[in-house]
Amino acid sequence: MLRTLLLIGLGGFLGSISRFLIALGVNRIFQSVLPVGTLAVNILGCILIGIIYSLAQEKNMLSPELRIFLGVGFCGGFTTYSSFAFDKFSLIKTGDFLMLSVYVSASVFLGLIAVYLGSQIHKLF
């Protein structure tokens with residue numbers, strides 16, 4: 001278990017640094033009102049997690065340790081959006097479109113509500 005946690009932690013460390021540097025670079029290149037750096041990282045993370053899980057599940061080319069390091073650690077630190085997208089993709093593959101709709105709607109709307117509530121907490125103190 002300790003080895004698994006260390007793999008996740010190291011992957012997350014590298015993913016977080018990569019996210020910061022890539023978003024910074026993209027934002028410098030494409031100066032926009034939109035957060036294009038975050039968008040680029042989210043899309044890149046989705047491509048990466050698709051490759052990682054395809055190699056792990058369909059091709060059986062990644063060890064469980066490497067899958068944890070890359071999929072949970074690196075991609076988790078890089079962007080949690082990739083995990084969100086992979087979960088949606090899994091629901092599409094199983095044909096569970098009702099759960100897909102509930103999951104996407106709840107994630108987006110509850111996430112927005114949570115950000116709003118979090119931004120208001122300071123008023124309690």
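View A. About one helical turn separates Phe74 from Phe78, because the two residues lie four positions apart in helix 3, which covers residues 64-78. The pair belongs to a total of four aromatic pairs counted in the structure.

**View B. The tilted ring pair of Phe84 and Tyr103.** The ring centres of Phe84 and Tyr103 are 5.3 Å apart and the ring planes stand at 50 degrees, so this pair is classed as tilted. Phe84 belongs to helix 4 and Tyr103 to helix 5 (residues 97-120), and the pair thus links distant parts of the chain, 19 residues apart. Phe84 has a relative accessibility of 15% and therefore counts as buried, whereas Tyr103, with a relative accessible area of 28%, is partly exposed. Together with Tyr81, Phe84 and Tyr103 make up a cluster that is linked by ring pairs.

**View C. The salt bridge between Lys93 and Glu58.** Side chains of opposite charge can pair when their charged atoms come close. The structure holds one salt bridge, formed by Lys93 with Glu58, whose closest N and O atoms are 4.0 Å apart. This pair also links distant parts of the chain, since Lys93 lies in helix 4 and Glu58 in helix 2 (residues 36-58), at a separation of 35 residues. Lys93 is exposed, with a relative accessible area of 54%, and Glu58 likewise counts as exposed, at 60% relative accessibility.

**View D. The largest pocket and its lining.** The largest pocket has a volume of about 190 Å³, and of the 13 residues that line it, Ile49, Gly50, Tyr53, Phe86 and Phe89 are the closest to its centre. Helix 2 and helix 4 each supply at least two residues of this lining, and the largest share, seven residues, comes from helix 2. By residue class, the lining of the largest pocket divides into six nonpolar, five polar and two charged residues.

**View E. Confidence of the prediction along the helices.** The protein averages a pLDDT of 89, and 100% of the residues score at least 70. Among the elements of the protein, helix 1 (residues 2-29) has the highest mean pLDDT, at 95, whereas helix 4 (residues 80-94) has the lowest, at 86.

Methods. Residues are numbered from 1 along each chain as its sequence is written. This is a predicted model: local features need pLDDT of at least 70, side-chain atom pairs count only at pLDDT 80 or more; totals for chains, interfaces and linings use all residues. Side-chain values use heavy atoms; hydrogens and water are left out. pLDDT is the predictor's confidence in each residue, from 0 to 100. A salt bridge is a side-chain nitrogen of Lys or Arg within 4 Å of a carboxyl oxygen of Asp or Glu. Buried means under 20% relative accessible area, exposed over 50%, partly exposed in between (1.4 Å probe, protein chains only). On a 1 Å grid over the protein atoms alone, a cavity is a set of points where a 1.4 Å probe fits but cannot get out, and a pocket is an open set with protein on both sides within 12 Å along at least five of seven lines; lining residues have an atom within 4 Å of a point. Grid points are joined across faces, edges and corners, and a volume is the space filled by probe spheres set on the points. Ala, Val, Leu, Ile, Met, Phe, Trp, Tyr, Cys and Pro count as nonpolar, Asp, Glu, Lys and Arg as charged, and the others, Gly among them, as polar. Rings of Phe, Tyr and Trp (its six-membered ring) pair if their centres lie within 6.5 Å; planes under 30 degrees apart count as stacked, over 60 as edge-to-face and the rest as tilted.
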